[in-house]
Amino acid sequence: MFRRLTEARGRALTVLIDGVAAQAREGDSVAAAMLAAGRLTARTTPTSGAPRAPYCLMGVCFECLVTIDGIGNRQGCMTPVREGMRVETQRGKRGLGA
Ligand code: FES
C-alpha cells in the first residue's frame, strides 16, 4: 500500500516492531517506518479494541499512539526512529508504571 520514494535518502536503520526486525531510514518517523514495513495498525482502542492507523501524520489526531522502548502513548508520527528502537502496537490504553 505504501512505498518509499526512489530518491529516499538517509542511513538504513533496523528497528523492532512487535519483536520483528524492520528496515527504516534515518529521518523516518516511527509511523512512517511502520507503514513502510506494512504495519498498518499502530494501536487498538481501549473500548472496542478496534484497530487504528496513523491518519494525519502531523501530530493532531493521536491515532498513531504506540509503545516505544516500553513507554506507552508515544506519538509515532512525531518520534524519529533510532537504531535498535523497540516499537510495539499499543493494545488498549497505556499501562501504568512504565
Ligand atoms: S498520525 Fe495523527 S497524531 Fe500521529
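**Salt bridges**

- R39 is partly exposed, with a relative accessible area of 26%, where buried means under 20% relative accessible area, exposed means over 50%, and partly exposed lies in between, computed with a 1.4 Å probe and protein chains only.
- The model is a predicted one, in which local features need pLDDT of at least 70 and side-chain atom pairs count only at pLDDT 80 or more, while totals for chains, interfaces and linings use all residues. Residues are numbered from 1 along each chain as its sequence is written, and side-chain values use heavy atoms, with hydrogens and water left out.
- The side chain of R39 meets that of D18 in a salt bridge, at 2.4 Å from N to O; the term stands for a side-chain nitrogen of Lys or Arg within 4 Å of a carboxyl oxygen of Asp or Glu.
- Because R39 lies in the loop between α1 and β3 and D18 in the loop between β1 and β2, this pair ties together parts that are 21 residues apart in sequence; helices (H or I, at least four residues) and strands (E, at least two) are DSSP runs, numbered from the N terminus.
- D18 is itself partly exposed, its relative accessible area being 29%.
- By the salt-bridge rule, the count comes to 7.
- In general, side chains of opposite charge can pair when their charged atoms come close.

- R86 belongs to strand β7 (residues 86-91) and D69 to the loop between β5 and β6, so the pair ties together parts that are 17 residues apart in sequence.
- A salt bridge also links R86 with E88, with the closest N and O atoms 3.8 Å apart.
- Through salt bridges that share partners, D69, R82, R86 and E88 are joined into one network.

**Nonpolar core and surface patch**

- The largest nonpolar core has 14 residues, of which V30, V66, V81 and V87 touch the most other members; such a core is a set of buried Ala, Val, Leu, Ile, Met, Phe, Trp, Tyr and Cys residues joined through side-chain atoms within 4.5 Å.
- Two or more residues of this core come from each of the elements β1, β2 (20-25), α1 (30-36) and β5 (65-68).
- Residues up to four places away in sequence aside, V66 touches V30, M34, A42, I71, G72, N73, R74, G76, V87, E88 and Q90, contact being defined as heavy atoms within 4.5 Å.
- In soluble globular proteins, nonpolar side chains tend to be buried together.
- On the surface, M1, F2 and L40 form a nonpolar patch with about 370 Å² of accessible area together. Patches are made of residues with over 30% relative accessible area and no salt bridge, in which like charges are joined within 9 Å and nonpolar side chains (Val, Leu, Ile, Met, Phe, Trp, Tyr) within 5 Å; accessible areas come from the Shrake-Rupley method with a 1.4 Å probe, and for residues only the protein chains shown count as cover.
- M1, which lies in the segment before β1 (12-17), counts as exposed because its relative accessibility is 85%.

**Loop residues**

- T45 is placed in the loop between β3 (43-44) and β4 (51-52), and counts as buried at 15% relative accessibility.
- A polar atom of the T45 side chain lies 3.1 Å from the backbone nitrogen of G49.
- With neighbours within four places in sequence left aside, T45 is in contact with A50, R52 and G92.
- F62, in the loop between β4 and β5, has a positive phi of about 65° although it is not a glycine, and F62 is partly exposed, with a relative accessible area of 40%.
- D69, found in the loop between β5 and β6, likewise has a positive phi, near 50°, in a residue other than glycine.
- G70 also has its place in the loop between β5 and β6 (71-75), and at 32% relative accessibility G70 counts as partly exposed.
- G70 and R43 are 27 residues apart in sequence, and their C-alpha atoms are 14 Å apart in space.

Notes. Polar contact = N/O pair within 3.5 Å; in protein donor to acceptor, adjacent residues only side chain to side chain.
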